[in-house]
Amino acid sequence: MASPEIDMLTQALSRLPGLGPRSARRAVLHLLKKRETALKPLLAALGAVDDRLATCSLCGNIDTSDPCGICTDPRRDARSLCVVEEVADLWALDRSRLFPGKFHVLGGRLSALEGVRPEDLTIDALVRRLSEGGIDEVVLAMNATLEGQTTAHYVAERIEGYPVRVTQLAHGLPVGGELDYLDEGTLAQALRARRPLA
């Protein structure tokens with residue numbers, strides 16, 4: 001039996017995404033065995049982030065400064081804005097280094113079942129950003145779910161009066177995917193988005 005403190009640490013870790021009780025126990029054992037090289041640096045990093053954690057007032061990103069590093073980066077193309085559902089989506093796109101512009105985090109997606117309405121998202125803040133001018137393209141990078149696509153259509157309707165080009169991420173066949181293993185929705189989207197072979 002572990003002490004109440006170690007048990008509390010295990011329970012806290014098991015609530016993290018991707019970690020169940022067994023994985024959390026293994027992580028705690030590793031941290032305890034490697035106290036100097038793993039536990040103490042982790043505690044220091046958590047403390048530093050906790051002291052400085054902020055939500056960017058411009059885009060909604062989570063960072064240790066407001067505005068965030070992406071919004072203040074002068075190398076970013078301020079004329080392109082990528083709208084995503086969550087911060088995790090922003091981080092995934094930014095990690096790819098393929099989108100040179102800036103971002104806007106909605107804070108979720110429309111969902112009647114979960115009671116998420118337009119006013120629960122940062123759509124009004126997005127409209128305000130567009131009304132300030134200087135943005136030529138808005139990329140709607142919503143997840144390929146029913147709720148994600150509903151959100152994309154709603155956002156597109158809300159911003160259709162602004163002089164911006166509205167685009168959406170392509171959906172379809174994944175690189176390296178085999179047709180036999182794909183679901184009908186993915187196949188249907190890939191067929192609808194087919195293009196000439198150059």
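**Contacts, cores and pockets**

Trainee: Which residues is Thr151 in contact with, leaving aside its neighbours within four places in sequence?
Mentor: With those neighbours left aside, Thr151 is in contact with Leu106, Arg109, Leu110 and Leu121; contact means heavy atoms within 4.5 Å. This is a predicted model, in which local features need pLDDT of at least 70 and side-chain atom pairs count only at pLDDT 80 or more, while totals for chains, interfaces and linings use all residues. Residues are numbered from 1 along each chain as its sequence is written, and side-chain values use heavy atoms, with hydrogens and water left out.

Trainee: Is Thr151 buried or exposed, and where does Thr151 lie?
Mentor: Thr151 is buried, at a relative accessible area of 0%. Buried means under 20% relative accessible area, exposed over 50%, and partly exposed in between, with a 1.4 Å probe and protein chains only. Thr151 lies in helix H7. Helices (H or I, at least four residues) and strands (E, at least two) are DSSP runs, numbered from the N terminus.

Trainee: What about the largest nonpolar core: which residues touch the most other members?
Mentor: That core has 17 residues, and Val83, Leu106, Val138, Leu140, Val155 and Ile159 touch the most other members. A nonpolar core is a set of buried Ala, Val, Leu, Ile, Met, Phe, Trp, Tyr and Cys residues joined through side-chain atoms within 4.5 Å. At least two residues of this core come from each of S3, H6, strand S5 (137-141) and helix H7 (146-158).

Trainee: Which element gives the most to this core?
Mentor: H6 gives the most, with 4 residues. As for Leu140, not counting residues up to four places away in sequence, this residue touches Val83, Ala152, Val155, Ala156, Val166, Thr167, Gln168 and Leu169.

Trainee: On to the cysteines: how many disulfides does the structure hold?
Mentor: The structure holds 0 disulfides, a disulfide being a pair of cysteine sulfur atoms within 2.5 Å. Cys59 is in no disulfide; its nearest cysteine sulfur, that of Cys71, is 3.6 Å away. Cys68 is likewise in no disulfide, and the nearest cysteine sulfur to it, that of Cys59, is 3.7 Å away.

Trainee: Is Cys59 buried or exposed?
Mentor: Cys59 counts as buried because its relative accessibility is 2%. Cys68 is buried as well, at 0%.

Trainee: Which residues does the cis peptide bond join?
Mentor: Asp66 and Pro67 are joined by a cis peptide bond, with omega about 5 degrees. Pro67 is placed in the loop between strand S2 (62-63) and helix H4 (69-72).

Trainee: What is the phi of Arg97?
Mentor: Arg97 has a positive phi of about 60 degrees, although it is not a glycine. Most residues other than glycine have a negative phi, and most peptide bonds are trans. Arg97 lies in the loop between H5 and strand S4 (101-105) and is exposed, with a relative accessible area of 72%.

Trainee: Turning to pockets, how much space lies in the largest pocket?
Mentor: About 280 Å³ lies in the largest pocket. On a 1 Å grid over the protein atoms alone, a pocket is an open set of points where a 1.4 Å probe fits, with protein on both sides within 12 Å along at least five of seven lines; lining residues have an atom within 4 Å of a point. Grid points are joined across faces, edges and corners, and the volume is the space filled by probe spheres set on the points.

Trainee: Which residues are closest to its centre?
Mentor: Of the 13 lining residues, Leu58, Leu81, Arg129, Glu132 and Ile135 are closest to the centre of the largest pocket. Strand S3 (77-84) and helix H6 (123-131) are the elements giving two or more residues to this lining, and H6 has the largest share, 3 residues.

Trainee: Leu81 came up there; how far is Glu137 from Leu81?
Mentor: Glu137 and Leu81 are 6.2 Å apart in space, C-alpha to C-alpha, and 56 residues apart in sequence. Glu137 lies in strand S5 and counts as buried, at 16% relative accessibility. Leaving aside neighbours within four places in sequence, Glu137 is in contact with Arg79, Ser80, Leu81, Arg165 and Thr167.
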